[in-house]
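Notebook open, model loaded. I want to go through the salt bridges, then a few helices and domains, then the chain contacts.

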Amino acid sequence: MTQTEIWVYVQTNQTSVEPTSLQLITKAKEIAVNQRVVAVMPTVVSEKLINEVQEYGPDKIITLEDDRFKTATDTEIADVLYQVVSTRKPNSLLIPATVIGRSVAPRLQAMLQTGLTADCLDVYFDGDTLVQVKPTYGDDIMCEITCPDHQPQMATVRPNVFKAVKQNNDTTIEKADFEFHPETQVKASTPQSIISSAANIGDANVVVALGRGASSPAIIEKARKLAAKLGGMVGVSRPLTDSDEFGHESQIGQSGQSIAPDLLINFGISGAVQYLVGIENAKTIVSVNTDPDAPILAASDYAFVGDANDFMDNLLEQVR
Amino acid sequence: MKIVVCIKQVPKSDSVKIDPKTNNMIRDNVEGVINPFDKNAIEAALTIRDQLGGEVIILSMGPDSYMSSLRDGLAMGADRAVLLSSRAFGGADTLATGYTISQALKKIGDVDLVLFGRQSVDADTGQVGPIVAQYLDVPQITFVEQLRMIDQHTLIGQRLLDGSTQQVQVTLPAVVTVRAELNTPRYETPVNIQSSFEKNVDVWDEHDIDLDKSRIGQAGSPTVVKRVFAPDKKGRQTKTLNGNAKKAVQELLGQINN
Amino acid sequence: MEQQNIMAAGMLHRMIREFTDNELAPLDMQIDAQGDYPDGLFDKVVNNGLLAITLPKDYGGAAFDYETAAKALHIMAIGNASMAVTLEGHFKTLEQILKYGDQRLKDAYLPSATHRIFAFSQTESSGGSNPKGISTRATRQGDDWIITGDKIMITNGGLAQVYCVLAKTDDDQMGVFLVDQDMPGFSFGKREDFIGLRGTPVGEIVMDHIKVPSYHLLGKVGQGLEIGNNAHDDARILMGAVLTGIMEHELQIAVDYSKQRKALDTPLYELQSIQEKIAEIAIARQNTELLYQHGAQLKLAHQSYAQVAAMTKSYGSRAAVRSGDMALQVLAGYGYSREYPIEHLIRDARAMEIAEGTVERMNGEITLKQINR
């Protein structure tokens, strides 16, 4: 029996390799029982990018090189992948659940007539069957999904759930032949990178929140600096909406906005119910309060009893 | 312009529970609503229709209870609706769903633009849009946050990638999936709510559409749900940061950077 | 058909809930502080078709029945009572035009009720509860009527564009006439600075020899007081719905607080003194809801509903003020603070012990009915 292969789609732009792709190479090597790990990589002609992938030690890299990948459409990428996947028939294909990955994968799935599981949090092998673990109905319920009768078994995997680890391996690099079929009805521009500019506190990834216990002009100034440093925004609990500095649009809570940042840092907020309902969906909550019995502390992942000013100074100093 | 918006009905937020014995999702008595992103798609369709004229059709696949979401789309202002409903469609995964919907779109005919929400909030796949685009052999623009029609045949979408944006111009017909940032969906209005009961809703089953029976429903679905389980629900486990502020910040950053 | 009506009502109520949660509730405190609707807010109400909820389809309306409309105001009032009262004033006025208006008047004016507010006005400075003492005059001139007078304390006065006014004819009979702000001789007077329902404008109109065609008379000469009373009855049902919403808001605040706040290690809601207050608010809320629903159902069934309408507002207004007081006590210091909405909910509810007939007047009506049964 020939050795089966687990493929990882490596997403690239002109200058870099998308990090999830590397995380998936490491993960694939971890879960491979006897499968070879193959990175399949549509890319502009660039030795640097190939070398970067090699550092993560796949058994093989299949490069699909063409400078038109600079602005390739989802369909063009899917078409090229189809050409190699359909002839070489890997057992599995892991794809980063990035926007590009999640756009290319289903198109490729339809071409290949196989199954695809979206946004997995984990994958593992049960023999040659790839078990794909994904959340459903929010993150409260998990499913295990398999694709027993079709190959490749395809899954997109959420970014940053696994760590990419460099490792030495005797990697074969193969430049594969393919035809690039331009999609004539489409003109795509080169992606322009953006700096996070959440205009709305509800969309901010990081929120530094101030309450009555942290409302001096000096603290507000520092909070703005800290938010800027973290790429986030400053929000407030109700008492501060009366100040000149903040309006209703900055208010967090029942009569203000519900927020769902990855990180919320509360300073001087006691944690009235009206406030707590507005922060339920924050991923990580850090709270600083002088009152050890402030309800906000028990509603947080990290609690510090002490001076807000002091804590903020240290954050400003230590955050890079 | 003939615009079709494909929508899904999803359970109203976090009302879904798991039966601890059978590990099945308890879907009975769960109130269904339009998948929120699909409302952005409907809004986009109505905006284009208001600008260029034409017709907006709501299309969905699901049991009769989905009628309430079709009605919501009509109450927002869509012109008519089609529901693909049959036991034969049951158990479909994204591949079988995409196939069935693409065949229904062919039956509707002469569709210029097919809109989807970027993904459903329950299954969270976002796959059906691109699958339909592939089956219809038309271009796609996914995760669109800005959209504008230049003329009757040309559309420019700005998609939000991870950390970058990209302008994509397509000649119609095309499939577009939209993000919430694209627009604010309009409310249903009292008058439109009433007139939604007078608009035409077609219900099609497997006999009404040209279908390869082996590619629909469970038979046409390569994926299998092996197990459904509730992960250990973690309420917030509060970790107290000790020591002075400097030490506390060090400890915090050490933890959250991992 | 019945099934369809139920589904449509459900859709309307969900729409109102979404609109209230997104557009009104976040501005509730601001509306009270500002004493007005922020710019653009009323336009949103108009543009989303909320003025047309009860209007018949023939005039471009949605033709929801009165009970469904009342429930819509109940839901809206949970988020903001002022806007619910603005709609109440509009809906009750339309009811009078529909019931008493000449077909020519309906055709000319009702299509515009989808985007123009209609108001009903009886009160003059001579006193609200003494309609016979009014000095607004309607004088016959050929086929037309000439209206002159000054009306005050009109719900939506200044915001409304069309007014049904009670006037005395030359032979000292009462009539209700429809005037339009665009007519020559029409002007606005001052706006009241009321302590509650501060979003709802309440103001004055001045009519100086406004000429209206004969069909602008609602019903007949001599029917003015009947129409005025009928408008009160229709308003009282809707105000009962608004009061139910206010009590629901009061209840929510008290319940949330009592769950979160602890006395030593015991959540407040485990204390009997707190339970008594929360239960009383809940019961009063439920009672008022049943009363307004019953009133609306009687109206729909073309049965006499004046008595129940009076009970609804008499009971509901006092209950909502008292419930607010109890909720305030549950929150103690916070309840007394302007940071929390309770104090303004009490002021809002207090308005309805007065508007559309004082509690005393309604209790008089109720008693009279009991004596004469």
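Predicted model: local features only at pLDDT ≥ 70, side-chain atom pairs only at ≥ 80, totals over all residues.

Is C:Arg191 buried, partly exposed or exposed? I looked it up: C:Arg191 has 36% relative accessibility, so it counts as partly exposed.

**Entry 1: the C:Arg191 pair**

I followed the side chain of C:Arg191 and found it in a salt bridge with C:Asp36, at 3.3 Å from N to O. C:Arg191 sits in strand E6 (residues 186–191) of chain C, while C:Asp36 is in the loop between helix H2 (28–34) and helix H3 (41–47), so the pair ties together parts that are 155 residues apart in sequence.

**Entry 2: a pair within one helix**

Next I went to C:Arg285, which forms a salt bridge with C:Glu289, with 2.8 Å between the closest N and O atoms. Both are in helix H8 (residues 272–300) of chain C, and because they are four residues apart, about one helical turn separates them. I reminded myself of the geometry: an α-helix has 3.6 residues a turn, so residues three or four places apart point the same way.

How buried are these two? C:Arg285 has a relative accessible area of 11%, so I put it down as buried. C:Glu289 is buried as well, at 10%. The cut-off I used for buried is under 20%.

**Entry 3: chain B**

In chain B I picked out the side chains of B:Glu55 and B:Arg80, which meet in a salt bridge at 2.6 Å, N to O. This one links distant parts of the chain: B:Glu55 belongs to strand E6 (residues 55–61), B:Arg80 to strand E7 (residues 80–84), and they are 25 residues apart. B:Glu55 has 22% relative accessibility, so it is partly exposed.

I also wrote down a network of salt bridges in chain B, made up of B:Glu43, B:Arg49, B:Asp50, B:Asp79 and B:Arg186. For the whole structure, over all chains, my tally is 48 salt bridges.

**Entry 4: C:Gln223 and the annotated span**

I found C:Gln223 in the loop between strand E8 (217–218) and helix H7 (224–260) of chain C. Its relative accessibility is 18%, so C:Gln223 counts as buried. Leaving out residues up to four places away in sequence, C:Gln223 touches C:Tyr100 and C:Met174.

I then looked at the record. UniProt, in an unreviewed entry, places the feature "domain: Acyl-CoA dehydrogenase/oxidase C-terminal" at residues 222–363 of chain C. In the model, that span is 75% helix and 3% strand, and its end C-alpha atoms lie 26 Å apart.

I checked the length of helix H4 (residues 99–112) of chain A. At 1.5 Å a residue, its 14 residues should span 20 Å, and the end C-alpha atoms are 20 Å apart, which agrees. H4(A) is mostly covered, with 14 of its 14 residues buried. What follows H4(A)? I found A:Gln113 there, with a positive phi near 55°.

**Entry 5: where the chains meet**

How many residues of chain A are in contact with chain B? I get 68 from chain A against 69 from chain B. The two chains bury about 5700 Å² between them, with carbon and sulfur atoms giving 56% of that area. On the chain A side, A:Arg107, A:Tyr137 and A:Tyr302 supply 13% of the area buried against chain B, more than any other three residues. I count two salt bridges between chain A and chain B. I also noted the salt bridge between B:Arg159 and A:Asp74, at 3.1 Å from N to O.

Then I turned to chain C and chain A. Six residues of chain C are in contact with eleven residues of chain A. The area buried there is about 840 Å², 47% of it on carbon and sulfur atoms. One salt bridge is counted between chain C and chain A. I noted the side chains of A:Arg212 and C:Glu339 meeting in a salt bridge at 3.2 Å, N to O.

Methods. Residues numbered from 1 in each chain as written. Chains lettered and ligands numbered in written order. Heavy atoms only, no water. Salt bridge = Lys/Arg side-chain N within 4 Å of Asp/Glu carboxyl O. Helix = DSSP H or I, 4+ residues; strand = E, 2+ residues; numbered from the N terminus. Buried < 20%, exposed > 50% of the residue type's maximum accessible area, 1.4 Å probe, protein only. Contact = heavy atoms within 4.5 Å. Expected span 1.5 Å × (residues − 1). UniProt positions renumbered as here; feature names shortened; annotations may be inferred. Buried area = accessible area lost by both parts, 1.4 Å probe.
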